[in-house]
Amino acid sequence: MRLVKSWMLVGIMCCWGAVGVRAQSVAEELREDVRRAAGMHYALPLQGVHDTPPPAGKRPFYVNHYGCPSAYYLERPEFYDDPYRTLLCADSLGKLTEMGKKALHKVAQLRRESRDRTGELTEAGKLQIKEISRQLTQRLPEMFTDSTFVDVRSVVQNHCLLTSGEAALQMSFTHHPLRMKISASHRSQPWMNPQDKRLEALRDDTTAMARYNEFAARWAPDNTHLMATLFNDAEYAKSIDAAALSRQLFDLAGCTQYTEEFSLGECGVAKGSKELSMSLYDVFELEDIHRHWMRRNAWAYIRYGGCTLNGGHQPYIQRKPLWNLIHQCDSVMTLDYPVVHLRYTHETTVMSLICLLELNGFGLRTGQLDSLEALGWVDYRIAPMGGSMMMIHYRKDKDDPDPLVRVLLNGQEARLPIESDLAPYYHWVDVKRYYLRKLYAYAKEWDEE
């Protein structure tokens, strides 16, 4: 088992090293690494980092973090069962091509591996969060000392709980002893995974759904190639719901990148003497993969981004977490020791919070779903598995009248929608003013108490 884990770590690092730094189109990025088509289920690569030194005399004193779960098995057994049964039935009738038989074998392996583990972190997911946590402690050594207090919280969801536990464990290994509190409670729901019945009802607004359905129909994958690849009998293939099977296999293709049996082969790393090559994307043409992704990306934008088709206010579901971010920073200003707040919640919550903060222009407001790629609203760049939004606060001492803040999005320095003479560092007074005005404006518009 140790040997397998060792090879898995090499495989993950191989995958993580494949991410480029040049701005690219989605088509280019998918050609470079097709796993990105998994969108929010894309396992965040551990990238090289560049940290701009803080202004003279400023030192980090507070880290405020919202993180996505790391890679986990799909949460419902039917995600594995449905395509398996379709292909198994066809195989029993002799209707599968050689490629179809290989696809059945891969789906069967995935199904077997995930049995009784749905929603759990995969082995690769555990290694992913450990490496991300280790990198954080190495980047900010001043934040992990004998006097530091680390508060690790999670929503009450299996993969989030396991992610927070692995992160805490890695940090305790990196620096020992470390004062740490770990908790998970439904009482944290308002600022960890808030709900808003009014805004959630607007997600399925008639106009928004009509526009999405028109967009989805226009960019529907052409499943002719897929069906010919899988089935040797064209008449039999007509009895299969091609759209449903295509969608099911696309979902599984996205999750194979971080499962135990599949991760190694996709990075070209051998397990023992046998080289694994277990990608399910090989049954699709790249154009159809791109179309599947486009539809998922637009769906995420409508539900969690600033889509004007349903009012453009969906990110404001995260207004209580934003209030909490501001309040917590003001609270720790009086302390004379470093504080690290690590929160782990659903990737959709993190995505929506990032859009509310308008990081890197992801606060985009438009009703033109065809323009999302060109305007840079891309789900796997916002909230992939293992992704995070992190505010790092700096000061000279606790009496410093001008504390600064730097924001990391998925480990990289991010742009805020605020002018700064020190970017990527921002004056906290300016950041606080901008977001308080935004929150007050929304409250005034909707007459909140």
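Strand β8 and strand β10 (residues 425-427) pair in the antiparallel sense over three bridges. Pairing requires that DSSP finds at least two bridges between two strands. Strands are DSSP E runs of at least two residues, helices are H or I runs of at least four, and both are numbered from the N terminus. This is a predicted model, where local features need pLDDT of at least 70, side-chain atom pairs count only at pLDDT 80 or more, and totals for chains, interfaces and linings use all residues. Residues are numbered from 1 along each chain as its sequence is written, and side-chain values use heavy atoms, with hydrogens and water left out.

| Partner of β8 | Sense | Bridges |
|---|---|---|
| β7 (residues 388-395) | antiparallel | six bridges |
| β9 (residues 412-413) | antiparallel | two bridges |
| β10 (residues 425-427) | antiparallel | three bridges |

H393 has V405 in β8 as its bridge partner. R406 stands opposite Y425 in β10. L409 stands opposite Q412 in β9. Two residues lie between the strands in the hairpin of β8 and β9, where N410 takes a positive phi near 55 degrees.

Six of the six residues of β8 (residues 404-409) are buried, meaning under 20% relative accessible area with a 1.4 Å probe, protein chains only. In a regular strand the side chains alternate between the two faces of the sheet. Here L404, R406 and L408 are buried on one side, and V405, V407 and L409 on the other.

Turn to the helices. In α3, F79, Y80, D82, P83, T86 and L87 meet L245, Q248, L249, D251, L252 and C255 in α12. Contact means heavy atoms within 4.5 Å.

Terms used:
Buried means under 20% relative accessible area, exposed over 50%, partly exposed in between (1.4 Å probe, protein chains only).
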